[in-house]
Amino acid sequence: MTTEHFGRKIDAKDGYDIIECEVCGFTHVSPLPTFEELDTFYKEAFYVTEKPTFFKQKQEDEAWLNLQYSDRYDTFEQHLPSTRRRVLDVGAGAGYFLKHGQSRGWTVKGIEPSPQAVEYARSMGVDQEVGYLTSESAGQLGQFDVIHASLVLEHVPNPIELIRIMYGMLTEGGIICISTPNDYNPFQQALRDVDKFQPWWVCPQHHLNYFSPDSLQQLLEKHAFTVLRKEASFPIDMFLLMGDNYVGDNTLGRACHHKRVRFETRLAEAGKNDVKRHLYQALAELNLGREICIYGQK
């Protein structure tokens, strides 16, 4: 991103302003931290101090996560010939997305800054390496038919540059799949206006960028991607509107999560997974849902 950022200030927290940046086309913190300021945290502390139960919860949720991952690989396979099955996962975390891909016959590669996460993924037989996706590492990694980046763009100081790098790494007709939190959505705004919630989703030390379905779609289209599909995830903020205040209450938050898992699992078991996907596409059009997932084709 350019060094000159300006736009309407919508929040302030921990010494940062949150602005609707007219230069970038999406909301982000100001001032933006440098790469060096973030590097130590993501390499050494993220899964230790911020997400100490991350690996345990991923293991517990694997069957449910595979429903989401199956949706994504189904979409890739729908738009690519069977000879094109090479996927890169950027910010690959514990490696479960790639593990699922391997089980479907994909050739997988992950890049992830946390050595703890890479070690965990390798213990499951997943090919991951420690590092960041940069113009230098892109040349070493090579070309891919699919590049997946789940819950990554909100963390990086320059998502525009990252999108450009990924575009250059894709084979012609290849697919990018990006998911981010859907922040400042109408449910969150209602909770602020009516119940006077503070913006709990704003954590400027780690979440630098704040996307909506529209702003994420515009970012991809601006960089020559054709959007194939736009989906949301379950609108878990709805529990807050119904009186289950899980903000700061991890036990209640996990209980609400388990209800979401049951909802999606029961639909899948009933053969109604397509109904869920149509519902989540409709939510994305309303800027609702806790996360956004957009598929773009080069």
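Me: Is His-207 buried or exposed?
Reply: Buried means under 20% relative accessible area, exposed over 50%, and partly exposed in between, with a 1.4 Å probe and protein chains only. His-207 has 16% relative accessibility and therefore counts as buried. The model is predicted: local features need pLDDT of at least 70, side-chain atom pairs count only at pLDDT 80 or more, and totals for chains, interfaces and linings use all residues. Residues are numbered from 1 along each chain as its sequence is written, and side-chain values use heavy atoms, with hydrogens and water left out.

Me: Which residues is His-207 in contact with, leaving aside its neighbours within four places in sequence?
Reply: Contact means heavy atoms within 4.5 Å. On that basis His-207 touches Val-29, Glu-154, His-155, Pro-181 and Trp-201. His-207 lies in the loop between H8 and S9; helices (H or I, at least four residues) and strands (E, at least two) are DSSP runs, numbered from the N terminus.

Me: Where does Gln-198 lie, and is Gln-198 buried or exposed?
Reply: Gln-198 belongs to the loop between H8 and strand S9 (209-210). With a relative accessible area of 61%, Gln-198 is exposed.

Me: How is strand S7 joined to S8?
Reply: Two strands pair if DSSP finds at least two bridges between them. Strand S7 (residues 144-150) and S8 run parallel and are joined by six bridges; one of the pairings sets Ile-147 against Ile-176 in S8. In strand S8 (residues 170-181), 10 of the 12 residues are buried, so the strand is largely enclosed by the rest of the structure.

Me: How many disulfides are there, and why does Cys-24 form no such bond?
Reply: A disulfide is a covalent bond between the sulfur atoms of two cysteines. The rule applied is a pair of cysteine sulfur atoms within 2.5 Å, and the count comes to zero. The sulfur of Cys-24 has its closest cysteine sulfur in Cys-21, at 3.7 Å, which is too far for a bond. For Cys-256 the closest cysteine sulfur is that of Cys-203, 19 Å away and also too far. Cys-24 is buried at 6% relative accessible area, and Cys-256 is buried at 2%.

Me: What lines the second largest pocket?
Reply: On a 1 Å grid over the protein atoms alone, a pocket is an open set of points where a 1.4 Å probe fits, with protein on both sides within 12 Å along at least five of seven lines; lining residues have an atom within 4 Å of a point. Grid points are joined across faces, edges and corners, and a volume is the space filled by probe spheres set on the points. The second largest pocket holds about 270 Å³. Of its 20 lining residues, Glu-20, Thr-27, Tyr-184, Tyr-210 and Ser-212 are the closest to its centre.
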